[in-house]
Amino acid sequence: MPQLSGSGPRYRQLVEAVVAAIESGELGEQEKLPPQRRLGHALGVTTGTITRAYAELERRGWVEARVGSGTYVRGPTTEAFSHVSPAEDSAQVDLSLSLPPPCAARADGLARAMGAIQRDRSALVHAMDYQPEGGLDRHRRIYAEWLTRLGLPMSADELLIDQGGMNGIFVSLSALLSPGQRLAAETLTYPGVISVAQQLGIRTVGIEHDGEGIDIDALAMRHERQPFGALYVMTEHQNPTTAALSESRRHALAALARERDFWLIEDGVQYIGERGTPLYRLAPERTLYLFSVAKILGGGMRSGAIRVPASLRTQVAAVLRNQSWMPPPLIASLVCAWIESGDADRLLAWQCEEMAARHVLVKDYLADYDYSAQADGFYIWLRLPAGRRAGPFVEQLAERGVRVTPAEPFCVGSEPAPQAVRVCISAASDRVALGRALGVIRDSLEAPGPALWETL
């Protein structure tokens with residue numbers, strides 16, 4: 001039972017009491033806080049006061065809310081959003097991370113790009129010097145030409161170089177929204193945007209979606225009740241459901257954004273060859289487009305670009321400058337050398353062929369089960385059979401050496417998690433390992449779930 005100080009707003013008193021208990025060790029890591037209604041009754045305050053205190057504790061990083069479970073003291077790391085290279089264990093197949101398929105050509109391409117930079121005296125000089133916050137004109141031109149060849153026409157003047165997809169999300173939200181303002185996103189969305197919003201004190205609003213993407217009518221109704229300043233959306237390969245926003249909904253979304261005056265953050269980090277009309281082409285004056293090379297060249301190449309409307313260029317550039325002064329010119333030089341040599345295009349062509357072959361494997365093993373996928377996509381969204389729960393299913397797979405991600409980390413706000421898992425088929429070391437993992441998944445799906453008495 002926390003002891004309130006008696007001075008200042010009651011919710012802040014509770015925040016300070018909980019922080020003090022965590023720092024003293026009275027509340028340990030992963031310890032569950034009391035339910036809000038019960039604590040409010042015990043302290044003689046409203047449930048709203050407790051809710052506000054818990055939200056502030058979560059914003060500061062002291063606790064984490066788990067959908068359907070409660071609020072817990074945060075440990076040193078958060079397992080739900082941990083992106084590191086998997087351990088080199090031949091018995092373990094980690095399909096929990098959206099990584100590009102392993103390929104020796106990546107190391108070869110990087111070696112050739114490094115050699116090209118070594119031979120280019122001006123590139124070496126630029127790599128050691130301060131540069132504009134949005135990157136060198138030459139780098140932006142090469143990025144723009146490459147994106148145009150990939151079916152995303154844009155000019156160098158529209159682009160600012162950043163440090164990859166997560167950096168693009170952080171920069172975009174920092175430039176568009178202030179603490180306390182609202183960001184809309186699909187009820188299931190990329191955990192990275194949820195994490196950034198929490199750090200920046202931005203409130204998230206979940207919007208219903210289906211196989212054609214975000215529900216535009218639901219979006220309009222939610223804006224009536226809870227106006228938001230921006231919408232985050234992955235139009236081509238939604239994470240985690242793999243849905244692509246239909247062409248009709250793209251046009252309707254652009255019209256609604258103009259009518260209600262909110263910004264669009266279009267995340268194009270997941271490369272998909274076949275795509276619809278980008279939102280930045282339909283509503284260029286209010287759309288930021290995020291691109292990264294991580295899903296093509298490799299996650300260690302922390303470089304990407306933001307397509308920014310002219311009216312926002314100054315604000316976005318200021319965030320880039322304040323955060324890291326400028327994107328590292330050496331990394332951008334390596335990426336551009338990789339692109340100019342043609343190695344990037346050859347790697348991308350191989351990757352598309354490899355992913356097509358891996359999707360054939362998925363169909364061979366899981367044809368009888370309910371899943372969504374796209375031909376070039378890194379992952380599938382597997383909906384579990386009736387009566388199966390994602391938590392025990394994920395644990396069962398882990399015991400047999402296969403890791404996948406349940407729906408819970410993707411949930412916006414307090415939305416309940418569906419009984420489904422994301423399976424990143426790109427992350428397996430090769431097709432043999434993927435086939436072995438898919439066999440384990442199929443066997444686990446065919447096996448009966450735990451009996452009721454085992455769950456009580």
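Q: Let's start with Ala144: is that residue buried or exposed?
A: Ala144 counts as buried, because its relative accessibility is 4%, under the 20% cut-off for that class. Keep in mind that this is a predicted model.

Q: Which helix is Ala144 in?
A: Ala144 sits in helix α6, which covers residues 137-149.

Q: And what does Ala144 touch, leaving aside neighbours within four places in sequence?
A: Ala144 is in contact with Met154, Ser155, Ala156 and Leu159.

Q: How far is Ala144 from Leu43 in space?
A: Their C-alpha atoms are 58 Å apart, and in sequence Ala144 and Leu43 are separated by 101 residues.

Q: Okay, new residue. Where does Leu173 lie?
A: You'll find Leu173 in helix α7, made up of residues 165-176. With a relative accessibility of 1%, Leu173 counts as buried.

Q: What is Leu173 in contact with, again leaving aside neighbours within four places in sequence?
A: Its contacts are Leu183, Val193, Val196, Ala197, Leu200, Ile202 and Ile265. As for Asp261, which is 88 residues from Leu173 along the chain, the two C-alpha atoms are separated by 16 Å.

Q: Switching to helices: at what angle do α1 and α3 cross?
A: Helix α1 (residues 10-24) and helix α3 (residues 47-60) cross at roughly 50 degrees, with axes that come within 8 Å. The two helices are therefore oblique to each other, and their crossing is right-handed.

Q: Which residues make that contact?
A: On the α1 side they are Arg10, Tyr11, Arg12, Leu14, Val15, Val18 and Val19, while α3 brings Thr49, Ile50, Arg52, Ala53, Glu56, Leu57 and Arg60. By type, the contact of α1 with α3 has 8 nonpolar, 1 polar and 5 charged residues.

Q: What about sheets? In what order do the strands of the open sheet come?
A: There are 4 strands in that open sheet, in the order β13-β14-β17-β16, with antiparallel pairing. β13 (370-372) and β16 (405-406) are at the edges; each has a single partner strand, so one side of each has no neighbour in the sheet.

Q: How many bridges join β16 and β17?
A: β16 pairs with β17 (residues 420-424) over 2 bridges, in the antiparallel sense. One detail to look for is Thr405, whose bridge partner in β17 is Arg422.

Q: Which helix packs on the sheet there?
A: That's helix α15 (residues 390-399), which touches β16 and β17. The direction of α15 makes about 35 degrees with that of β17.

Methods: Residues numbered from 1 in each chain as written. Predicted model: local features only at pLDDT ≥ 70, side-chain atom pairs only at ≥ 80, totals over all residues. Heavy atoms only, no water. Pairing = 2+ DSSP bridges. Contact = heavy atoms within 4.5 Å. Axes fitted to C-alpha atoms, helices over the stretch in contact; angles between N-to-C directions. Parallel < 35°, antiparallel > 145°, perpendicular 65-115°, else oblique. Left-handed = near helix turned anticlockwise from the far one by under 90°. Nonpolar A, V, L, I, M, F, W, Y, C, P; charged D, E, K, R; others polar. Buried < 20%, exposed > 50% of the residue type's maximum accessible area, 1.4 Å probe, protein only.
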